[in-house]
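Me: I have a structure open and want to go through some of its local features. Can you take my questions as they come?

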Amino acid sequence: MGVRIEKVRVICTAPEGINLVVIKIETNQPGLYGLGCGTFAYRHLAVKLVVEEYLDPLLRGREVENIEELWQLMHQNAYWRNGPIENNAISGVDMALWDIKGKMANMPVYQLFGGKCREGIPVYRHADGRDLDELCDNIQRFQEMGITTIRCQCGGYGGEDYGRTPGTAPEGAQPGVYLDSRSYIRNTVKLFDGIRSKIGYEMNLVHDVHERIAPAEAIKLARELEPYDLFFLEDPVPIEQTSWLRQLRQQTSIPIAEGELFNNPSEWKSLIAEQLIDFIRVHISQAGGITAARKLQIFAEQFGVRTAWHGPGDMSPIAHAANIHLDLASANFGVQEWSGIEPPNFVIQDLKGPHGALLEVFPGLPEYRNGYVYANDNPGLGVDINEKEAAKYPCENVVTTWTQTRKRDGSLQTP
Ligand code: MG
């Protein structure tokens with residue numbers, strides 16, 4: 001009899017105040033278990049419920065080895081497919097199954113994809129500042145740490161919060177972050193002009209539009225940013241408006257990265273096949289985990305589209321590890337977003353540093369050293385969970401407010 005699933009458990013923990021959802025698959029083999037990430041930080045209870053009430057009963061007693069079969073089984077089980085809650089639940093199970101398979105093979109997961117085609121993963125970091133000088137100081141700090149690609153913003157995504165100053169929003173307008181796309185575009189072009197004149201053209205620079213302007217404005221911004229030699233422009237248009245990428249492509253040579261909000265292959269297939277984007281940025285748990293992401297990566301390779309998987313703070317170290325294992329084995333890897341677990345903010349040996357709690361809960365997180373992130377060579381994904389530590393940081397269920405961004409007239413703008 002093969003190795004079978006005994007129980008699929010959910011562990012919710014928030015060591016850094018962000019709700020993380022970890023799925024643990026226990027098997028009938030003593031000591032053999034797998035861990036996966038199903039973090040949908042703003043709907044964590046919904047993912048937990050899908051796993052506990054639907055996937056656990058579906059999967060108990062099934063053989064852990066048949067990942068493809070189990071992925072399709074979960075994917076088709078609810079009849080309606082590809083929603084973000086369902087995909088995160090599936091991802092948690094899927095990553096845990098790859099983790100188990102690696103442990104059974106006594107190999108790191110990247111070996112199961114054919115092995116490494118690079119030793120370390122170059123990552124990009126995010127820099128902002130209140131003004132050009134502060135931003136350039138932050139860029140220099142990252143440069144000294146070995147970072148070669150930096151995402152630069154002026155203010156938050158979409159620019160400063162312009163507030164409801166008299167004469168902008170109508171009386172009685174709702175609270176929220178108020179954006180002014182025209183000022184944002186002007187300020188951003190000025191910012192990149194300033195950065196390039198201060199630091200030159202050696203660093204790769206990235207800018208994230210975060211879907212916070214109209215598509216026609218994105219074309220204008222992209223054209224005006226052309227002289228500053230961006231590595232890519234991130235999410236210039238909302239996922240509902242990706243057909244605008246054709247016009248964008250025709251009018252500018254700026255490289256485009258899109259897709260941290262994608263859930264469904266129908267959202268990325270034609271963008272890749274028509275070569276309307278240069279980098280695919282899917283958040284792999286939103287797409288259904290390693291199985292879905294590996295298929296997407298290989299598909300993109302055929303069209304010369306590179307990967308830049310989403311790597312924000314609102315995913316667990318297990319998901320960061322999954323990104324790194326995919327990156328290590330992908331010929332069409334571009335760059336990896338990394339949300340900041342490295343010196344000088346944190347010294348690996350010193351667990352009392354700012355990320356100490358996260359590393360006590362999740363020992364084995366891939367390590368940053370001088371511009372590159374390295375996976376450890378433990379079998380599976382290489383990240384464990386200390387459940388006792390995890391229990392010290394319970395998740396809180398609160399109404400999400402940062403997504404309530406608004407235009408000058410007070411109407412909602414995609415966040
Ligand atoms: Mg982004």
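Me: Leaving aside its neighbours within four places in sequence, which residues is Cys136 in contact with?
Reply: This is a predicted model. In it, Cys136 is in contact with Ile195, Lys198 and Ile199, once neighbours within four places in sequence are set aside.

Me: Where is Cys136 placed?
Reply: In helix H5, which covers residues 132-144.

Me: Is Cys136 buried or exposed?
Reply: Cys136 counts as buried, because its relative accessibility is 7% and the cut-off for buried is under 20%.

Me: What separates the C-alpha atoms of Cys136 and Arg196?
Reply: A distance of 9.8 Å, with the two residues 60 apart along the chain.

Me: Now the metal. Which protein donors does the magnesium ion have?
Reply: Asp208 (OD), Glu234 (OE) and Glu260 (OE), which lie 2.1 to 2.3 Å from the magnesium ion.

Me: What spacing do the donors follow along the chain?
Reply: The pattern is D-x25-E-x25-E. Asp208 is in strand S7 (residues 204-208) and Glu234 is in strand S8 (residues 230-234), so that pair, 26 residues apart, links distant parts of the chain.

Me: Are Asp208 and Glu234 buried or exposed?
Reply: Both Asp208 and Glu234 are buried.

Me: On to helix packing. At what angle do H7 and H8 pack?
Reply: At about 20°, and the axes of H7 and helix H8 (residues 244-251) are 10 Å apart. That angle makes H7 roughly parallel to H8, because angles under 35 degrees count that way.

Me: Is the crossing of H7 and H8 left-handed or right-handed?
Reply: H7 passes H8 in a right-handed crossing.

Me: Which residues meet there?
Reply: From H7, Pro215, Ala216, Ala218, Ile219, Ala222 and Arg223; from H8, Trp244, Gln247, Leu248 and Gln251. The residues of this contact divide into 7 nonpolar, 2 polar and 1 charged.

Me: What about H9 and H11: at what angle do the axes cross?
Reply: The axes of helix H9 (residues 265-273) and helix H11 (residues 290-301) cross at roughly 20° and come within 10 Å. H9 is therefore roughly parallel to H11. The crossing of H9 and H11 is right-handed.

Me: Which residues make the contact of H9 with H11?
Reply: H9 contributes Trp268, Lys269, Ile272 and Ala273, and H11 contributes Leu296, Phe299 and Ala300.

Me: Where is Asn82 found, and is it buried or exposed?
Reply: Asn82 is in the loop between helix H2 (67-77) and helix H3 (84-105). Asn82 is buried, with a relative accessible area of 17%.

Me: And what is the phi of Asp229?
Reply: Asp229 has a positive phi of about 55°, and it is not a glycine. Asp229 sits in the loop between helix H7 (215-225) and S8. Asp229 counts as partly exposed, at 47% relative accessibility.

Me: Back to H3. What does Ser91 touch, not counting residues up to four places away in sequence?
Reply: Ser91 touches Cys37, Ile284, Ser285, Gly288 and Gly289. Ser91 is found in helix H3, and at 0% relative accessibility it counts as buried.

Me: Where does His44 lie?
Reply: His44 lies in helix H1, residues 44-59. His44 counts as buried at 3% relative accessibility. Leaving aside neighbours within four places in sequence, His44 is in contact with Cys12, Asn19, Val21, Cys395, Glu396 and Asn397.

Me: Last one. Where is Leu261 placed?
Reply: In the loop between strand S9 (256-258) and H9. Leu261 is partly exposed, with a relative accessible area of 39%.

Me: Which residues is Leu261 in contact with, leaving aside its neighbours within four places in sequence?
Reply: Glu211 and Ile239. The C-alpha atoms of Leu261 and Ile284 are separated by 9.9 Å, and these residues are 23 apart along the chain.

Technical notes. Residues are numbered from 1 along each chain as its sequence is written. This is a predicted model: local features need pLDDT of at least 70, side-chain atom pairs count only at pLDDT 80 or more; totals for chains, interfaces and linings use all residues. Side-chain values use heavy atoms; hydrogens and water are left out. Axes are lines fitted to C-alpha atoms, for helices over the stretch in contact, and angles run from 0 to 180 degrees between N-to-C directions. Helices (H or I, at least four residues) and strands (E, at least two) are DSSP runs, numbered from the N terminus. Angles under 35 degrees count as roughly parallel, over 145 as roughly antiparallel, 65 to 115 as roughly perpendicular and the rest as oblique. A crossing is left-handed if the near helix is turned anticlockwise from the far one by less than a right angle, and right-handed if clockwise. Contact means heavy atoms within 4.5 Å. Donors are N, O and S atoms within 2.8 Å of the metal (3.2 Å for Na, K and Ca); water is not among the atoms, so sites may look incomplete. Buried means under 20% relative accessible area, exposed over 50%, partly exposed in between (1.4 Å probe, protein chains only). Ala, Val, Leu, Ile, Met, Phe, Trp, Tyr, Cys and Pro count as nonpolar, Asp, Glu, Lys and Arg as charged, and the others, Gly among them, as polar.
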